[in-house]
Structures are given as C-alpha cells and as structure tokens.
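Biologist: Could you walk me through how the helices pack in this one? I have the sequence and the model open.

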Amino acid sequence: MEKHFDINEDGYSVRCKLFTSKDTRTYPRVVICTHGYGSSKDVANIGKFAEKETSKYKQDAVICFDWPCHGQDARKKLVLSECMEYLTLVVNHAKNVLKAEQVYIYSVSFGGYLTLKYIAEIGNPFTKIALRCPGIRMYDLMRKNVSEADWTKIEKGKEVLIGLDRKMKVDKQLFEDLAKSDVRKYEYFDEADDMIILHGTADTTVPMEDSRAFAENNVIEFVPVEGADHPFRDPKLMDIAIHTIIEFFAPAKA
C-alpha cells in the first residue's frame, strides 16, 4: 500500500510517501529512503525497493520524501541546513508517529552524502545504513553542474539556476557549506559495522574509487556491482543491489 502525506512543522512542508504491507498505525521498524540529485521520492527504484522490503518484512514501513527543491517540494533555493531539517523531521515522524523502535536508512548519491553529513554533524539515529553510489566529494560533483559563466556570478555573490528536469537556485553559501561539510574529514568507525556501501563499476557520474577509498578508510563493507552505472539502469543489477540491502537490513536473530 502507498500513502502520500506531508509533514508540516517548523515552517517546513516535507512531501512524503509511505509504503506498507499492513494498514496499521505503528511499525516496529521503519526504513527511510532518500533519492539523489535531480530525482524525487517517486523514482521507480525506491518503489521497487519498498515493495520488496515490505513484502519480506511485513511489519516494516518505508518512508521516502522529496529533498528541498526536488520533486513536489515547494522550495526554490537549495540550502544544506534545510536538507538536515527535512531528514530530522522524517526521523522524528518515524519514531514519534509511527512509533518505530528501529529506524534504518537507504540513501543514494546526493542523499548518501546528506546521510553521512547528518550522522557526523547531528548524530546517528539509524540502526543500519545502506548507501548506493554516495557523493563522497559532493563539492566537486555539484561544481560540475555550474557553467563557468554562472560560477563567475556565484563568486560575485549572485544566485544562479542549476538542475536537471527541475531547476533550483544555488549560491556561494551552498558551495562554502559543501566544502565545510566534506565527509572525508569525519570518522565513521562507530557506525562501520552497521553500514554498507554499494557502487557500480561502470558509474561515470560518481567515481567508484571515491566510495572504495572512503569505505576502506572507515572499515566499512564495500560491495562493487560489476557493470552497474550510476542509476543502476540494468534491472538485474538493481535487483542485486536491492537484495543485498534487504538482506543487510534483516532483523537480528534472537
């Protein structure tokens, strides 16, 4: 079952979607899914993951949501602190409204970067963390989306529009915040046993070696997926990724 809802708190309106196999008010385990740059909560691979997760673990719920300036979100300017606020509101909803005893997270690309930033700078509320093709060097990846002409404007303190299907405003502050929140400077040893990173060997958008080096430096399990590109367009390879993550999220045996 799918249900659309909004979290309206603290001046924000987070557009969410809830996936469940049982129509109850509470769920002992909730998995939060976050999408990548230029995508949305309605991307097909999130729905596919949610269907398989809730089919295997029928007591689970899956929540996905639109990051600021993505999907159906109303905001026009991308601000990292607001991304952190969105994730906080979704985590709190899982715990306080759905009464989750355990919260998991599965994040992709830009969402993977934001998850790592959240854990390092705000705290780790997650039982287990799965990242696919995370944007480890997010400053460099975002900088590629800005033309030289627009970069000159940014350096002069102006806002410019970037994006894929949907355009968003960015400014110098965003890039300063990305540089400040370089996840490579943090240590994730405390989370290492409960984290897994998957990355396609044919990813030309986010370098696989960034993920490999990050995983090795933090003693995190790293799973290269042979032949997979950044969005895992091959359905068979996406199935491998989803299966790996669902098995990683398996409840601990008593």
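Biologist: Which residues in helix 2 meet helix 3?

Modeller: This is a predicted model, in which local features need pLDDT of at least 70 and side-chain atom pairs count only at 80 or more, while totals for chains, interfaces and linings use all residues. Residues are numbered from 1 along each chain as its sequence is written, and side-chain values use heavy atoms, leaving out hydrogens and water. Leu-80, Cys-83, Met-84, Leu-87 and Thr-88 of helix 2 meet Phe-110, Tyr-113, Leu-114, Lys-117 and Tyr-118 of helix 3, where contact means heavy atoms within 4.5 Å and helices are DSSP runs (H or I, at least four residues) numbered from the N terminus.

Biologist: At what angle do helix 2 and helix 3 pack?

Modeller: At about 80°, with their axes 10 Å apart (lines fitted to C-alpha atoms over the stretch in contact, with angles running from 0 to 180 degrees between N-to-C directions). Helix 2 and helix 3 are therefore roughly perpendicular, a term that covers 65 to 115 degrees.

Biologist: Switching topic, which residues have the most contacts inside the largest nonpolar core?

Modeller: Phe-110 and Phe-126, in a core of 63 residues; such a core joins buried Ala, Val, Leu, Ile, Met, Phe, Trp, Tyr and Cys residues through side-chain atoms within 4.5 Å, buried being under 20% relative accessible area with a 1.4 Å probe, protein chains only. Helix 2 (residues 80–97) gives the most to this core, nine residues.

Biologist: What is Phe-110 in contact with, beyond its neighbours within four places in sequence?

Modeller: Its partners include His-35, Tyr-37, Trp-67, Cys-83 and Met-138.

Key:
Buried means under 20% relative accessible area, exposed over 50%, partly exposed in between (1.4 Å probe, protein chains only). Helices (H or I, at least four residues) and strands (E, at least two) are DSSP runs, numbered from the N terminus. Angles under 35 degrees count as roughly parallel, over 145 as roughly antiparallel, 65 to 115 as roughly perpendicular and the rest as oblique.
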